[in-house]
Amino acid sequence: MRAIIAAGLACVAMAAARDDADLPEGPGKAILENSCEECHDAGRIADKAWAKDKWRETVQDMIARGATLKPGEIDTLVDYLATYFGPDNKPEPQP
Ligand code: HEC
């Protein structure tokens, strides 16, 4: 039983490390890591190519689901998402 839990934790740690490496440096990165990876990993975010309006809508949707963001963080995060995961994003195909 203990071995199964340990193996599961190792998988989670590896997945987190991989997703961190994929995230571009920017003012919103820490916000994303702190507020958006509580419920799903960043791969769920990085595979999108959305315009800013769609990101703003999505962030509001996630806040309604329980994401905790300070009011001042929303704009920073939306800018970050629209810059790196905007319509020009060419995501790696997800496995
Ligand atoms: C309280 C839990 C929670 C938090 C925190 C959270 N999300 Fe989500 N997110 C979800 C759930 C649940 C889904 C799946 C929704 C679905 O499949 O309809 C999801 C799905 C998504 C999707 C995929 C939507 C799609 O149409 O494929 C994106 C993008 C996303 N979240 C972005 C974010 C961002 C950005 C943040 C940080 C601001 C965030 N999430 C924080 C719960 C959360």
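Author: What follows is a short walk through this model, which is predicted.

Reader: How many helices and strands are there in the protein?
Author: The protein has 5 helices and 0 strands. Along the sequence, the pattern reads α-α-α-α-α.

Reader: Ok. What share of the residues is buried?
Author: Of the 95 residues in the protein, 29% are buried.

Reader: And the contacts, what part is between residues 24 or more positions apart?
Author: Taking the contacts with a separation of 6 or more, 64% are between residues 24 or more positions apart.

Reader: How many residues surround the ligand, and which are the closest?
Author: There are 16 residues around the ligand, and the closest are Cys36, Cys39, His40, Arg44 and Met62.

Reader: How do the shell residues divide into nonpolar, polar and charged?
Author: The shell has 9 nonpolar, 4 polar and 3 charged residues.

Reader: You listed His40. What does histidine 40 have by the ligand?
Author: A polar atom in the side chain of histidine 40 is 2.8 Å from a nitrogen atom of the ligand.

Reader: And which ligand atom is by the side chain of arginine 44?
Author: An oxygen atom of the ligand, at 3.2 Å from an N or O atom of the arginine 44 side chain. Lysine 48 also has a polar side-chain atom by a ligand oxygen atom, at 3.5 Å.

Reader: Change of topic. Where is serine 35?
Author: Serine 35 is in helix 2, which covers residues 29-35.

Reader: Is serine 35 buried or exposed?
Author: Serine 35 is buried.

Reader: Why does serine 35 count as buried?
Author: Because its relative accessible area is 8%, and buried means under 20%.

Reader: Which residues does serine 35 touch, leaving out those up to four places away in sequence?
Author: Serine 35 touches Ala67, Thr68, Leu69 and Glu73.

Reader: What does the side chain of serine 35 reach?
Author: The serine 35 side chain reaches the backbone oxygen of threonine 68, at 3.1 Å. Threonine 68 is also one of the residues that serine 35 touches.

Reader: Thanks, that is enough for my notes.

Methods. Residues are numbered from 1 along each chain as its sequence is written. This is a predicted model: local features need pLDDT of at least 70, side-chain atom pairs count only at pLDDT 80 or more; totals for chains, interfaces and linings use all residues. Side-chain values use heavy atoms; hydrogens and water are left out. A residue is near a molecule or strand if one of its heavy atoms lies within 4 Å of it. A polar contact is a pair of N or O atoms within 3.5 Å; within protein, one must be able to donate a hydrogen and the other to accept it, and residues adjacent in sequence count only if both atoms are side-chain atoms. Ala, Val, Leu, Ile, Met, Phe, Trp, Tyr, Cys and Pro count as nonpolar, Asp, Glu, Lys and Arg as charged, and the others, Gly among them, as polar. Helices (H or I, at least four residues) and strands (E, at least two) are DSSP runs, numbered from the N terminus. Buried means under 20% relative accessible area, exposed over 50%, partly exposed in between (1.4 Å probe, protein chains only). Contact means heavy atoms within 4.5 Å.
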